[in-house]
Amino acid sequence: MSQRPITEDDLHAYVDRVLEPERQAEVASYLEAHPDVAKRVTAFSDQRDLLRTALAPIADEPLPGELNLSRIIESRRQRRSPAWWAVAAMLLVCIGGAGGWTVRGSMEMPTIGLAALAQEATYSYNVYAPDRVRPVEIRASDSAQLVQWASNRLHQPVKVPDLATSGFRLMGGRVVATSHGPAAMFMYDNDHGERLVVLTRPMTTDQGAPMTPQTSGDVAGFSWADSGMGYSLVGQSPAEALRPIANEVRRQARTI
Amino acid sequence: MNDMLLLVEPLIPALRRYARALVRNDATADDLVQDCLERAVSRWHQRREGDPRPWLFTILHNLAVNQFRQAKTRGQHVTIEETSENDLGQDAVQERKLMYQDVLNRLARLPEDQRAVLLLIAVEDLSYADAAKVLDIPVGTVMSRLSRARERLQQEIEGTANAAPANVVPLRSMK
């Protein structure tokens, strides 16, 4: 039987014991004939054994309560209970301020970081996107004014993403209130009347965070954070359909 | 939710071990694992069918990378905990513990990307293909990085790498 040459990859696979038995034997006999290589491979095997033994005790430690999965699932279930979701949303939107926080605080842990941003984008979408009369405060025709307003309030240079390649036109935007201060909201629509909302604000928690999908009711989208600024793009399409648009927004924001 | 408990719970010790060995700070590591589990619970419906291990390690790894990045932009070093002699036992046990601690201290001097690949493959038993998914790099890159990691760790163990930083206890000289 003709033998394939032994590669560097084979040597590592030999160390990691992931070769087919036949190949494992071939490598073993190669090593017998090449003591220099064998020495190196033995050293790698020793490393592997040593690392595994040195780290094994960590996996045997009892888990702290914070890592109790049942508890994590339960606290999330309470947080997501639909009735409370609606009540919290109503309170935040209608009352806001201290009243909203007190009631909300007694029910659940405050939402922070990317999760909070995602929630705020969903609230903004639910409030402004269905508005047929005045969905935006400043129209796209005055976008320079919009950019200036948002940049002043956020103390950050804000750029309006251009979503023309995805078939969405800027309708306009406004500064909206969030539990973490002012945020800039931009709204877009396409030829089918579908609307998208992009919400952006400075982040205190999660200053950098990967693209994270979210769904709440029939509003879905993605949130992420780059260099201290958080972004959330939401609409009524399935999250996956919005991913390329979110990627485009992120790409443009990075070139500010 | 039941399948989530059945599939994820047994993996928590391994996630913890990976986080701890990668960031070398127990509290930070547990925070990362907690964050990872919360994300896993909230995105459970988005995972692909099959073994959730690579998926969970991907979430954890990305969180750890963010953590490294944030620590860097804040101009802080991720604390590396060295074991003090008081923590160690006696005699033969002590000798073995020193050896284990020694290899972990040497591992800590590898660049993050090399440490990650070595831990995922040599300790957590991920396949090369799964490690490639977790690290979001091609399998060929996994192999070359694994090779570099092993060479580098060997140099560290043999003491032929660049001089140790001053804060690292020279455990080998205590034999």
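Here's a quick tour of a predicted model, with a look at its confidence, its helices and its sheet. The predictor scores the complex with an ipTM of 0.83 and a pTM of 0.56. Chain B is built from eight helices and zero strands, while in chain A seven strands come together in an open sheet.

- Chain B has a mean pLDDT of 83, with 80% of its residues at 70 or more.
- Among the elements of chain B, helix α6 (residues 112-123) gets the highest confidence, with a mean of 96, and helix α1 (residues 2-8) gets the lowest, at 83.
- Watch out for residues 82-89 of chain B, where pLDDT stays under 50 and the model has 10 contacts beyond four places in sequence.
- Residues 163-175 of chain B are also below 50, and that stretch has 11 contacts beyond near neighbours in sequence.

**What chain B looks like**

- Walk along chain B from the N terminus and the elements read α-α-α-α-α-α-α-α.
- Of its 175 residues, 34% count as buried.
- Take the contacts in chain B with a separation of 6 or more: 64% of them link residues 24 or more positions apart.

**Helix α1 of chain A and its cover**

- Helix α1 of chain A (residues 8-15) has these buried residues: A:Leu11, A:His12, A:Ala13, A:Tyr14 and A:Val15.
- What covers them? The cover includes α2 (21-33) and α3 (35-60) of chain A, along with α8 (139-158) from chain B.

- The edges are β1 (138-139) and β5 (209-216) of chain A, each of which pairs on one side only.
- Strands of a sheet pair through backbone hydrogen bonds.
- For a close-up, follow β3 (residues 181-189) and β4 (residues 195-202) of chain A, antiparallel strands joined by six bridges.
- One residue pair to find is A:Asp189 and its bridge partner in β4(A), A:Arg195.

**Helices against the sheet**

- Helix α7 of chain A (residues 113-128) lies across β2 (169-178), β3, β4, β5, β6 (219-226) and β7 (229-235) of chain A, at about 135° to β6(A).
- Helix α9 of chain A (residues 239-254) packs on the sheet too, touching β4, β5, β6 and β7 of chain A, and its direction makes about 25° with that of β6(A).

Note on methods. Residues are numbered from 1 along each chain as its sequence is written. Chains are lettered from A and ligands numbered from 1 in the order in which they are written. This is a predicted model: local features need pLDDT of at least 70, side-chain atom pairs count only at pLDDT 80 or more; totals for chains, interfaces and linings use all residues. pLDDT is the predictor's confidence in each residue, from 0 to 100. Helices (H or I, at least four residues) and strands (E, at least two) are DSSP runs, numbered from the N terminus. Two residues are in contact if their C-beta atoms, placed from the backbone, lie within 7 Å. A residue is buried if 20 or more other C-beta atoms lie within 10 Å of its own, exposed if 12 or fewer, and partly exposed in between; C-beta atoms are placed from the backbone. Two strands pair if DSSP finds at least two bridges between them. Axes are lines fitted to C-alpha atoms, for helices over the stretch in contact, and angles run from 0 to 180 degrees between N-to-C directions.
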